[in-house]
Amino acid sequence: MGKADDMEDRSRSGWNTKEGDSAGRTERLRLMLIVPMLHQGGFERVCVETARLLEPYFEVCIVLFDSKDIAYDITGLRVIDLHLGVRESIPGKFLNVWKRSLAVRRLKRRLSIDIAYSFGPTANMVNVFSGRRAEIWTGIRSYMDMGSPRKIRLFSGMSDRVLCCSRRIEEEVREKYGCKRAVALCNPLNVEALRSRAGAEEPRLPWQDRGRIIASMGREDDVKGFWHLIKSFSLVQKEVSDARLMIIGEGDFEEYKELAKGLGVEEQVYFTGLQRNPFPYLEAARLYVLTSYNEGFPNALIEAMALGVPVAATDCMTGPREILMKEYSSSEGTAETLWGDYGILLPNMSPEKNLDPGDITQEEERLAEVMKRMLTESELWQGYERAALERSRDFSEERYVDTIRQLAGERQGCLHS
């Protein structure tokens, strides 16, 4: 059994209690955030931000299964490491779920947790299996999480709340799984802090002349569809000689470097690797492009918009349509490029990975045409720059915090009664 320990000892009056001891309770609810790891990723970032945003209102701790490769600043946060990392074998995975659930159950009891909020399918299963001493909130932070119906049916049926990162996912959980406790909770965005970080340093770029940079951000993962982006960019580069492509994110990207070389654009494509502060790089772009065929609610898309970078995105499941269109259900399933209210929405692209530089598809040609127009038509670009800034204001931290506090309101009333 892994032994839980506090990575940061941030004990507060009334926070550390023995099992079954309610003496010394503060007025604030005790909130446990459960996440497998804190390496670079969307829901991992949201978990850390949630802890910081809610600290004025709750007693907060983060429970990790493994503290390896933490990519986010956890200074001042109470973080508990279970030391129960990944096991590769199927029996090992089942054993891990049991061990993690038992460890979390003990923590819930020892710390007198009121609400346990988990991020992602692995943490969700541990949360529901660790008992109902605390109110159980499970989180669906990506449409990829919807690919396991049995798991969703199981944990949604055992949850007091299912927090979904988009309205589309909320609707599907309610309709397909009959879960009336599903609630849409979009990821928070601190626009001022983001802009401050963007201006804190200069990006280290390989080009003496930056040119007109197209950026995308994400780990090396097939779901991001980066081969589509590189092929489309090669078409743009033939006509816009100072066009550049920058992919920000963790991974060695060796096969994509080979693809760029095969297309003759290896000098114009830059892979930055993992950046703890990616925002100076993002701000340097003239256009942000998302080519994923699955997302939840893509943080990087909104972050680019908050920095005044116009965006183009595939109409993947889910997120981009809700972000870029005022009426997100309008023209759903269209095979045409939509010049949307806040950005350009392209039909979703093939998930079949194709690294053949000689095989460029019609969908890649369509993306190339959009990118070329955005790089060369100043009036069009300026209009989408203004629209991006306007839309980013709708995803405020205040709205995120208010929603969680409202959801916790009934539980808070029970504690005070």
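Tutor: We begin with a term: helices are DSSP runs of H or I with at least four residues, numbered from the N terminus. Please keep in mind that this is a predicted model.

Student: Which helix gives the largest share of the lining of the largest cavity?

Tutor: The structure holds 1 cavity of 30 Å³ or more, and the volume of the largest cavity is about 40 Å³. Its lining consists of Arg45, Asn187, Pro188, Leu189, Asn299, Ile302 and Glu303. The largest share, 3 residues, comes from residues 299-306, which form helix H10.

Student: How many nonpolar residues are in the lining of the largest cavity?

Tutor: Sorted by class, this lining includes 2 polar and 2 charged residues. The number of nonpolar residues is 3.

Student: How many residues of H10 are buried?

Tutor: A residue counts as buried when its relative accessible area is under 20%. In H10, the buried residues are Asn299, Ala300, Leu301, Ile302, Glu303, Ala304, Met305 and Ala306. H10 is thus mostly covered, and the count of buried residues is 8 of 8.

Student: Which residue with a positive phi follows H10?

Tutor: The backbone after H10 has a phi near 80°, a positive value. The residue that takes this phi is Gly308.

Student: Which elements give two or more residues to the lining of the second largest pocket?

Tutor: The second largest pocket contains about 370 Å³ of space. Residues that line this pocket include Ile90, Lys93, Phe94, Val97, Pro121, Thr122, Met125, Phe129, Arg150, Lys151 and Leu154. The elements that give two or more residues are helix H2 (90-110), helix H3 (121-129) and helix H4 (149-157).

Student: How many charged residues are in the lining of the second largest pocket?

Tutor: The lining of the second largest pocket has 7 nonpolar and 2 polar residues. The number of charged residues is 3.

Student: How far apart are the end C-alpha atoms of H2, and what span should its 21 residues have?

Tutor: The expected span of a helix is 1.5 Å times one less than its number of residues. For the 21 residues of H2 this gives 30 Å, and the distance between the end C-alpha atoms agrees with it, at 30 Å.

Student: Which side chain reaches the backbone nitrogen of Gly92 at the start of H2?

Tutor: The backbone nitrogen of Gly92 has a side-chain oxygen within 3.0 Å. That oxygen belongs to Ser89.

Student: Against which elements do the buried residues of H2 pack?

Tutor: The buried residues of H2 include Gly92, Asn96, Ala103, Val104 and Leu107. They pack against strand E2 (29-35), strand E3 (58-64), strand E4 (79-81), strand E5 (115-119), H3 and strand E6 (135-140).

Student: Is Ala103 buried or exposed?

Tutor: Ala103 lies in helix H2. Its relative accessibility is 9%, and the limit for a buried residue is under 20%. Ala103 therefore counts as buried.

Student: How far from Phe65 is Ala103 in space, C-alpha to C-alpha?

Tutor: In sequence, Ala103 and Phe65 are 38 residues apart. In space, their C-alpha atoms are separated by 9.8 Å.

Student: Which side chain makes a polar contact with the side chain of Lys224?

Tutor: Lys224 is in the loop between strand E9 (212-217) and helix H7 (226-239), and it is buried, with a relative accessible area of 10%. Not counting residues up to four places away in sequence, Lys224 touches Gly218, Arg219, Thr291, Ser292 and Glu295. The polar contact, of 3.0 Å, joins the side chain of Lys224 to that of Glu295.

Note on methods. Residues numbered from 1 in each chain as written. Predicted model: local features only at pLDDT ≥ 70, side-chain atom pairs only at ≥ 80, totals over all residues. Heavy atoms only, no water. 1 Å grid on protein atoms, 1.4 Å probe; cavity = no way out; pocket = protein on both sides within 12 Å on 5 of 7 lines; lining within 4 Å. Points joined across faces, edges and corners; volume = space filled by probe spheres on them. Nonpolar A, V, L, I, M, F, W, Y, C, P; charged D, E, K, R; others polar. Buried < 20%, exposed > 50% of the residue type's maximum accessible area, 1.4 Å probe, protein only. Contact = heavy atoms within 4.5 Å. Polar contact = N/O pair within 3.5 Å; in protein donor to acceptor, adjacent residues only side chain to side chain.
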